[in-house]
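Here's a quick briefing to read with the model open beside you. Take a look at the fold before going through the notes.

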Amino acid sequence: PVCDAVFEDDYVEMLGHVRGEDGNCTVCGEVYSVAIWVAGVQITAENMEDILGDGTVSFDDATDTLTLNGFNHIGEEKGIYSEIPLNIVLVGENTITSGYEGFWFDIVGGAITISGTGSLTMDSADECIDVDALGDVDMTIGGSVTLNLMTESEGIYLYANTAELVIQDNAT
């Protein structure tokens, strides 16, 4: 597969889809999609401006920015599952109640940021924010966001070669 990750003898990192003007990948010709799921819905060229159809979640593929604006997820599936590092911007009050992780990043490595002016309350049966990486990870929580993480497990779990968590600005 040209745009997907595969395991042979060693891990081969995916090239990733490149969005064309027609909404298809310019590399493989398939419908453009991003390896991110929000409440079980995969991000595609057709839905990235309004992923759930209710105006609460959007994605900018030029900057890998996922914006949550009044997002409310209650369900057994993960709130957000991503195979790429993301910039997450919080606007307004957001909530995730999940039978699994609230955010789960299954990535090779990279930088993850959570910023904005909003809040996010997570109540999950497992980790609220789970980062599993093969390489190095930097996670920064900044802006004036407020995170309320309620779980019987870890609030933030970083599993990586090396990991750094920075809480800056007025984040709480």
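What share of the 172 residues in the protein is buried? Buried residues account for 38%. Keep in mind that this is a predicted model. Going by secondary structure, the protein has 18 strands and zero helices. As for how the chain meets itself, take the contacts between residues at least 6 apart in sequence: 57% of them join residues at least 24 apart.

**The parallel sheet**

- Four strands make up an open sheet, with parallel pairing and the order S7-S10-S13-S16.
- At the edges sit strand S7 (72-75) and strand S16 (146-151), each of which pairs on one side only.
- Ignoring direction, neighbouring strands of this sheet are turned against each other by 10 degrees on average.
- S7 runs parallel to strand S10 (residues 93-98), and four bridges join the two.
- If you want a spot to check by eye, find Asn 72, which stands opposite Thr 95 in S10.

**The nonpolar core**

- The largest nonpolar core has 34 residues.
- Which of its residues touch the most other members? They are Ile 36, Val 38, Ile 43, Phe 59, Leu 66, Leu 68 and Phe 103.
- Leu 68 is a handy one to click on: leaving aside neighbours within four places in sequence, its contacts include Thr 56, Val 57, Ile 80, Ile 88 and Phe 103.
- Also in contact with Leu 68 are Val 89, Leu 90, Val 91 and Asn 94.

**Aromatic rings**

- A pair of aromatic rings is described by how far apart the centres are and by the angle of the planes.
- The count of aromatic pairs here comes to three.
- In one of them, Trp 37 and Tyr 81 have ring centres 5.5 Å apart and planes at 45 degrees, so the pair is tilted.
- Trp 37 belongs to strand S3 (residues 33-38) and Tyr 81 to strand S8 (residues 80-82), so this pair ties together parts 44 residues apart in sequence.

**A charge over a ring**

- Which residue lies over the face of Tyr 100? That's Lys 78, at 5.0 Å from the ring centre.

Terms used
Residues are numbered from 1 along each chain as its sequence is written. This is a predicted model: local features need pLDDT of at least 70, side-chain atom pairs count only at pLDDT 80 or more; totals for chains, interfaces and linings use all residues. Side-chain values use heavy atoms; hydrogens and water are left out. Two strands pair if DSSP finds at least two bridges between them. Axes are lines fitted to C-alpha atoms, for helices over the stretch in contact, and angles run from 0 to 180 degrees between N-to-C directions. A nonpolar core is a set of buried Ala, Val, Leu, Ile, Met, Phe, Trp, Tyr and Cys residues joined through side-chain atoms within 4.5 Å. Buried means under 20% relative accessible area, exposed over 50%, partly exposed in between (1.4 Å probe, protein chains only). Contact means heavy atoms within 4.5 Å. Rings of Phe, Tyr and Trp (its six-membered ring) pair if their centres lie within 6.5 Å; planes under 30 degrees apart count as stacked, over 60 as edge-to-face and the rest as tilted. A charge sits over a ring if NZ of Lys or CZ of Arg is within 6 Å of the ring centre and within 35 degrees of the ring normal.
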